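This report describes strand pairing, salt bridges and surface charge in one protein model. The sequence and structure come first.

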Amino acid sequence: MMNEHGKSDRPIVPGKSPNKTKTPAAEEMEGRGLAKGNPSQQNAFRTQSRADAPSELARVRQTATLNKDVKFTALLHHIYRIDTLRFAYFQLKRHAAAGVDGETWQHYGEALEQNLQDLSHRLKRGAYRAKPVRRVYIPKADGRQRPLGVTAFEDKLVQRATVEVLNAIYETDFLGFSYGFRPGRNQHKALDALFCGLHERRVNWVLDLDVRSFFDRLSHAWLVRFLQHRIADRRVVRLIQKWLNAGVLEKGKRTFVEAGSPQGGSASPLLANIYLHYVFDLWVQAWRKKRAHGDVIVVRYADDIVVGFEFKTEAEQFWKELAERMAKFQLELHPEKTRLFEFGRHAAANRKRLGLGKPETFDFLGFKHICGKTKKGRFLVLRQTVRKRMQAKLQQVKIELRQRMHDPVPEVGEWLKSVVGGHIRYFGVPGNRYALAHFRFTVSNLWHHVLRRRSQKGRLKWRRMQRLIRRWLPPAHICHPYPSRRLRVTT
């Protein structure tokens, strides 16, 4: 409601900033929950109905919020409910690759209700069995191969339903600087938090952390122990263990491992967040409060972590203690990719005085972060598209265009429109316009080259090509506001 002065009458619930700051600079603040033992303040009707009665998961979320130590003893019935399974089915990707069972989204949906009833009964009586994950490899930007796991369809469906239930619990536990694969927390929110932290806090040193082969080293034994802090329903824990112990099928050979969670499964991101919540998040939060004397900012997106420090000595001590803690939980910081370097508003002047050249840069979520200046000479973090990532994408476009050489021009134009538009929507941040224009121009040249090869005469003039470019390729433009402006709205 609005009062006579045009302001909201709704009381503001104060948030607690995860960083030691008076303003929520580097992390989005989350509202404080109800006091322990207080009833819910929801406005309910006198007569109960499906519209006003709180859902079962809402009650789970409320309980998890009120009591951070409570253990949930009955969760499986939330997973095998037909409504939950049906919701999970429609959340899955329609055209995802099939697993070892060969089942697809379309085929499974031809007898959806019957299949869901059968799956629900098997989950209820414990007859559900997980199938092995089919191993595939995709190329990375640096030329190496990234292993992915293609999960069987029913396993993917049950995992998605389980994630929906567990999110009601763990979203109340996860900390503000954790952004990876969480509802309402995408890459750009993590980038905004890092940008504001570097600008508004006293950050002089940056520790760029890289956990070596995290998804392959994740300990099953430790993960189960972490789950049991909140989940006392043994049936749900055994369900997760079935996926972890299902093994991997590669070249017709099935192998079983005692560590790792295959990337590509619906449950892997949540399990990874739970693991790092107990291994890293809670530890770094306590370290920052008890050990740090200067400013410390933290931004974590899955296993990509950036930590900023005011003092170099604290950064070095943090690095040493973190390596010891990671080793305790069968993890390891990559010795070559993990590095500490000077970065911030004073880095350029300090390095110039010592004759060390320009400040180092670092990559995070596809953007290269650079110490720059505004036209007025003020410190500014410049964010530009990582060159290797852009080159890898252009190479994919080049190969795909050759395969589509003789397809109709409107069909290829629609595809290129989605490619260029998606690239601009992600990388369209302030200060990155030149890289966006370069990507669009290179795609235009690749398309022009392919169209000229369709005929031996090659008479497609550039004037006509420009008309096709204007018709199909979106112009390079900035899609995102400055992070301080967006964070000011969201907090």
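## Strand pairing

Strand 1 (residues 133-139) and strand 4 (residues 248-250) run parallel and are joined by 2 bridges. The model that shows this pairing is a predicted one. Strand 1 also pairs with strand 2 (residues 145-150); here the two run antiparallel, and 6 bridges join them.

In strand 4 the residue opposite Arg-134 is Leu-249, and in strand 2 the residue opposite Arg-134 is Val-150.

Side chains of opposite charge can pair when their charged atoms come close. The structure contains 20 salt bridges. One of them is formed by the side chains of Asp-173 and Arg-230, with an N to O distance of 2.8 Å. This pair links distant parts of the chain, 57 residues apart. Asp-173 is in the loop between helix 6 (153-170) and helix 7 (187-200), while Arg-230 is in the loop between helix 9 (220-227) and helix 10 (234-244). Both Asp-173 and Arg-230 are buried.

Asp-281 and Arg-300 form another salt bridge, and their closest N and O atoms are 2.8 Å apart. Asp-281 and Arg-300 are both buried.

Glu-321 lies in helix 12 (residues 312-328), and Arg-291 lies in the loop between helix 11 and strand 6. The two residues are 30 apart in the chain, and the pair links distant parts of it.

Arg-291 has a relative accessible area of 40%, which falls between 20% and 50%, so Arg-291 is partly exposed.

## Positive charge on the surface

Which residues gather in a patch of positive charge on the surface? They are Arg-454, Arg-463, Arg-464, Arg-467 and Arg-470.

Among them, Arg-467 is part of helix 17 (residues 462-472). Arg-467 counts as partly exposed because its relative accessibility is 47%, a value between the limits of 20% and 50%.

Conventions. Residues numbered from 1 in each chain as written. Predicted model: local features only at pLDDT ≥ 70, side-chain atom pairs only at ≥ 80, totals over all residues. Heavy atoms only, no water. Patch = residues over 30% accessible without salt bridge, like charges linked within 9 Å, V, L, I, M, F, W, Y side chains within 5 Å. Areas by Shrake-Rupley, 256 points an atom, 1.4 Å probe, with all protein chains shown as cover. Salt bridge = Lys/Arg side-chain N within 4 Å of Asp/Glu carboxyl O. Lys, Arg positive; Asp, Glu negative; His and termini not counted. Charge placed at Lys NZ, Arg CZ, Asp CG, Glu CD. Helix = DSSP H or I, 4+ residues; strand = E, 2+ residues; numbered from the N terminus. Buried < 20%, exposed > 50% of the residue type's maximum accessible area, 1.4 Å probe, protein only. Pairing = 2+ DSSP bridges.
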